[in-house]
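Please examine the sequence and the model shown here. A set of questions and answers on selected features follows.

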Amino acid sequence: QVQLVESGGGPVQPGGSLRLSCTASRSIFSHYLMGWYRQAPGKQRELVAGISSEGTTIYVDSVKGRFTISRDIAKNTAYLQMNSLKPEDTAVYYCNFRDLLSGYEYWGQGTQVTVSS
């Protein structure tokens, strides 16, 4: 069992920055994918950024160059650094962990990011 707790969301002006955090209840060592998803009102949930246990990262085209996914292994925490935020980034952001060995997925509770002037 893994529990994911998110924090760091909130209101921000266009061009501003936020850092989202996702802390797991225990250490995870290998064979996983950790990702940040978002869901805007009336829209389908989409993958924003992901990182593998080997350190490989992926980003949706719309956030490349602006968002950075990272992790602090000692703190069992993943981050999404969000810079140059745009109104279209407004969404509920969810942390996701997928255990590639078992196929099981875990989700954070979601944190609201609202980008507006």
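**Strand pairing, a buried threonine and a disulfide**

In this model, L18 stands opposite M82 in β8. The model is predicted: local features need pLDDT of at least 70, side-chain atom pairs count only at pLDDT 80 or more, and totals for chains, interfaces and linings use all residues. Residues are numbered from 1 along each chain as its sequence is written, and side-chain values use heavy atoms, with hydrogens and water left out.

Q: In what order do the 4 strands form the open sheet?
A: Strands are DSSP runs of E of at least two residues, numbered from the N terminus, and two pair if DSSP finds at least two bridges between them. The pairing in this sheet is antiparallel. β1 (4-7) and β7 (67-72) each have a single partner strand, so they stand at the edges. The order is β1-β3-β8-β7.

Q: With which side chain does the side chain of T77 make a polar contact?
A: T77 lies in strand β8 and is buried (under 20% relative accessible area, 1.4 Å probe, protein chains only), at 8%. A polar contact is a pair of N or O atoms within 3.5 Å, one able to donate a hydrogen and the other to accept it; residues adjacent in sequence count only if both atoms are side-chain atoms. At 3.0 Å, the partner is the side chain of T23.

Q: What is the handedness of the disulfide of C22 and C95?
A: The sulfur atoms, which count as a disulfide within 2.5 Å, are 2.0 Å apart. Both cysteines, C22 and C95, are buried. The torsion about the S-S bond is about -75 degrees, so the disulfide is left-handed.

Terms used:
Buried means under 20% relative accessible area, exposed over 50%, partly exposed in between (1.4 Å probe, protein chains only).
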